[in-house]
Amino acid sequence: MKITSPTTKKLDQILPQNPILLMGAGPVPIPEEVAKANTKVISHLGEPMNSIISNLQEMAQYVFQTKSSKIFGISGPSSAAMEMATTSLLWPGRKVLVLNLGTFSARFTEIARGIGAEVKELFPEPLSPFRAHDVKKELEANQYDVLTIVQGETSCGIKNVELESIVKLAKQYNVRTIVDSVCTLSTMPLYMDEWNIDIVVTGGQKGLSSIAGVSLIAFSEEAYEFVSNRTAPMPHWCLDPRRAFRFWCKQEYHYTAPVNGIQALYEALRLICEETLERRHARHARSSELLQSYLEGMGFELHAPKSCRLNSVLAIKNMPGIDAKKAITHLKEKFAIEISGAFGLDIIRVGQMGEQCRSENLMRVLKSIGLTYQEFGAKVDLTQLQKDLENPALFSL
Ligand SMILES: Cc1ncc(COP(=O)(O)O)c(C=O)c1O
């Protein structure tokens with residue numbers, strides 16, 4: 001029997017008439033330049049792609065703060081970049097210490113187990129980041145080849161504030177490090193070379209304010225050298241860095257690269273370079289601080305203690321008696337704003353990455369959350385916010 005053509009709908013018939021403002025844990029809104037770049041189809045080989053790649057790598061070196069030339073784009077989500085990193089350094093017989101702070105940190109465990117590496121997970125105290133002295137104890141007690149750590153754990157809004165000490169420490173024990181900066185890169189400082197990190201992975205759809213599905217990975221020269229000399233078979237073909245090297249460093253064919261996505265990423269990185277990291281970090285910090293202080297002023301409590309609170313994805317305690325899922329749906333239906341729920345915790349999460357940290361978006365999300373919870377019967381004090389919203393200069397970012 002032949003299958004007949006279905007009744008089709010144009011995309012516009014499915015998309016909401018009022019575009020949804022994405023204020024959750026990603027994807028985030030993208031600048032016009034990025035959106036425009038994402039519509040351009042060009043050949044994946046030759047010029048102008050070669051120039052795009054070399055300029056993109058130079059800009060990425062700035063964003064990762066590395067001199068390494070081994071920076072590759074990946075046609076896949078951030079998880080694919082995590083997979084490239086993990087499978088490059090691990091194989092059966094090798095051992096990894098996973099610092100497990102939540103859902104995304106734990107993804108390293110799943111990937112490493114999948115390739116037959118030996119995994120030990122370390123967990124921090126509740127509502128705390130990892131402490132260098134605890135990691136040191138573990139490194140002294142057992143030998144590892146690799147350590148994985150997230151800079152910010154999106155699922156619970158906690159930041160590994162001792163990241164620098166932990167990765168430097170791992171080096172002292174001859175342990176290679178993989179850092180997940182998926183929700184943090186360009187929103188807060190990360191110095192790949194200065195901190196001596198082996199591999200950093202990030203995604204497009206978060207801090208960089210590019211599109212989802214095209215990610216970036218940076219290998220230190222030394223880590224790449226190690227990978228290029230490995231004799232153990234590589235489980236991946238697409239995610240083999242030695243093959244990616246051909247496209248990204250030798251202008252040869254690996255697979256047909258995501259040409260639109262690479263151009264989108266190019267524009268996203270260019271905008272970061274123009275803004276400069278210093279100003280971008282300051283904008284993110286200010287936006288998140290405003291968000292936090294107005295939410296607290298309204299009566300919300302924040303999930304993570306201030307000392308380790310992740311600015312780029314803010315975890316907010318749900319109010320007693322309120323169904324968080326319903327509140328999130330209401331925000332979407334009534335205010336055309338999307339925020340995120342959580343992985344098993346009674347929290348809501350608001351993103352503060354890239355374009356989310358713009359005055360209008362900040363004001364809109366604050367007001368909509370406040371009104372939603374008020375409509376749901378929670379004790380929310382909107383007096384100060386309503387007053388301050390009349391003076392947008394207070395929110396200038
Ligand atoms: C810290 C962190 N790591 C990894 C990922 C996985 O990203 P992706 O969904 O692009 O694979 C996410 C996604 O939210 C994340 O926040």
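When I say polar contact today, I mean a pair of N or O atoms within 3.5 Å; within protein, one must be able to donate a hydrogen and the other to accept it, and residues adjacent in sequence count only if both atoms are side-chain atoms. With that in hand, take T154: an N or O atom in its side chain sits 2.3 Å from an oxygen atom of the ligand.

Quick housekeeping. What you have on screen is a predicted model, where local features need pLDDT of at least 70 and side-chain atom pairs count only at pLDDT 80 or more, while totals for chains, interfaces and linings use all residues. Numbering runs from 1 along each chain as its sequence is written, and side-chain values use heavy atoms, with hydrogens and water left out.

Okay, back to the ligand. D180 has a side-chain N or O atom 2.6 Å from a nitrogen atom of the ligand. S78 puts a polar side-chain atom 2.7 Å from a ligand oxygen. Taken alone, the ligand exposes 390 Å², and the protein buries 88% of that; those areas come from the Shrake-Rupley method with a 1.4 Å probe, and for residues only the protein chains shown count as cover.

Who is around the ligand? The residues are P77, S78, S79, M82, F104, R107, G152, T154, D180, V182, Q205 and K206, where being near takes a heavy atom within 4 Å. By type, that shell divides into 4 nonpolar, 5 polar and 3 charged.

The elements giving two or more are α4 (78-89) and α5. Helices here are DSSP runs of H or I with at least four residues, strands are runs of E with at least two, and both are numbered from the N terminus.

Now, α5 takes us to the sheet. Helix α5 (residues 103-114) belongs to a right-handed β-α-β unit with β3 and β4. Right-handed means that, with the strands pointing away from the viewer, the path from the first strand over the helix to the second runs clockwise.

Let's stay on strand β3, residues 95-99. Since 5 of its 5 residues are buried, β3 is largely enclosed by the rest of the structure. Buried, for me, is under 20% relative accessible area, exposed is over 50%, and partly exposed is in between, with a 1.4 Å probe and protein chains only. Both faces are covered: K95, L97 and L99 are buried on one side, V96 and V98 on the other.

And its neighbours? Two strands pair if DSSP finds at least two bridges between them. On that basis β3 pairs in the parallel sense with β4 (residues 118-122) over 5 bridges, and L99 stands opposite L122 there. β3 also runs parallel to β5 (residues 146-150), this time over 3 bridges, with V98 opposite T148.

For an antiparallel case, look at β11 (residues 313-317), which pairs with β13 (residues 347-351) over 5 bridges. K317 has I347 as its bridge partner in β13. β11 is mostly covered, with 4 of its 5 residues buried.

Next, some backbone geometry. There is a cis peptide bond from G26 to P27, omega near 5°, and P27 is in the loop between β1 (21-22) and α2 (32-37). Another cis bond joins E47 and P48, omega about 5°; P48 lies in the loop between α2 and α3.

Then the positive phi values. S209 is not a glycine, yet its phi is near 55°. S209 is in the loop between β9 (199-202) and β10 (214-219), and it counts as buried because its relative accessible area is 2%. A336, also not a glycine, has a positive phi of about 55° and sits in the loop between α12 (324-335) and β12 (337-338). At 8% relative accessibility, A336 counts as buried.

Is H284 buried or exposed? H284, in helix α11 (residues 277-298), is at 2% relative accessibility, so it counts as buried. H284 and C357 are 73 residues apart in sequence, but 6.0 Å apart C-alpha to C-alpha. E58, in helix α3 (residues 49-64), counts as exposed because its relative accessibility is 53%.

Conventions: Nonpolar A, V, L, I, M, F, W, Y, C, P; charged D, E, K, R; others polar.
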